[in-house]
Amino acid sequence: VVSEDAVDSDAVKVFDRNGDGLVERADWSEPFGDLGKEGEAVKSYVFNRVDHLYDGDGKLNTTELGNGLTLMRTLTLGY
């Protein structure tokens, strides 16, 4: 689990299009670009997984974002 302070404000800005400090589902996918044939499914899986582990509100706070980024790295790069 990644702590809330592990994600800096610049990382949040990459994903947070409306500036409210939260990452909405529509904002999550774009910064990763094209991840191949199963890329959209992986992005959707990760968003849902980390969102539902915490509050299931359909938005990622900084803790959820950090965990989502870690999970994306693991699933796409293998480490």
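**Exercise 1. Which residues form the largest nonpolar core?**

*Solution.* Start with the source: this is a predicted model.

Step 1. List the members. The largest nonpolar core has 11 residues: Val7, Val12, Phe15, Val23, Trp28, Val46, Phe47, Val50, Leu60, Leu65 and Met72.

Step 2. Find the contributing elements. Helix H1 (9-15), helix H3 (39-54) and helix H4 (62-77) are the elements that give two or more residues to this core.

Step 3. Find the main contributor. H3 supplies the largest share, 3 residues.

**Exercise 2. Name the elements of the chain in order, from the N terminus on**.

*Solution.* 

Step 1. Count them. The chain has 4 helices and 2 strands.

Step 2. From the N terminus on, they run α-β-α-α-β-α.

Step 3. Along its principal axes, the C-alpha trace spans about 30 × 25 × 25 Å.

**Exercise 3. With which residues is Leu60 in contact, leaving aside its neighbours within four places in sequence?**

*Solution.* 

Step 1. Leu60 is one of the residues of the largest nonpolar core.

Step 2. List the partners. Beyond those neighbours, Leu60 touches Gly21, Leu22, Val23, Trp28, Phe47, Val50, Asp51 and Leu65.

Step 3. Compare with the core list. Among these partners, Val23, Trp28, Phe47, Val50 and Leu65 are also core members.

**Exercise 4. Is Leu69 buried, partly exposed or exposed?**

*Solution.* 

Step 1. Locate the residue. Leu69 lies in helix H4.

Step 2. Apply the cut-offs. Buried means under 20% relative accessible area, and exposed means over 50%. Leu69 has 27% relative accessibility, so it counts as partly exposed.

Step 3. Look at its contacts. Leaving aside neighbours within four places in sequence, Leu69 is in contact with Phe15, Trp28 and Phe32.

Step 4. Leu69 and Phe47 are 22 residues apart in sequence. Their C-alpha atoms are 9.5 Å apart in space.

**Exercise 5. Classify Gly39 and Ala6 as buried or exposed, then give the distance between them**.

*Solution.* 

Step 1. Take Gly39. Gly39 is found in helix H3. Its relative accessibility is 2%, so Gly39 counts as buried.

Step 2. Take Ala6. Ala6 lies in the segment before H1. Its relative accessible area is 52%, so Ala6 is exposed.

Step 3. Link the two. Ala6 and Gly39 are 33 residues apart in sequence and 25 Å apart in space, C-alpha to C-alpha.

Step 4. Gly39 and Asn67 are separated by 28 residues in sequence and by 18 Å in space, C-alpha to C-alpha.

Notes
Residues are numbered from 1 along each chain as its sequence is written. This is a predicted model: local features need pLDDT of at least 70, side-chain atom pairs count only at pLDDT 80 or more; totals for chains, interfaces and linings use all residues. Side-chain values use heavy atoms; hydrogens and water are left out. A nonpolar core is a set of buried Ala, Val, Leu, Ile, Met, Phe, Trp, Tyr and Cys residues joined through side-chain atoms within 4.5 Å. Buried means under 20% relative accessible area, exposed over 50%, partly exposed in between (1.4 Å probe, protein chains only). Contact means heavy atoms within 4.5 Å.
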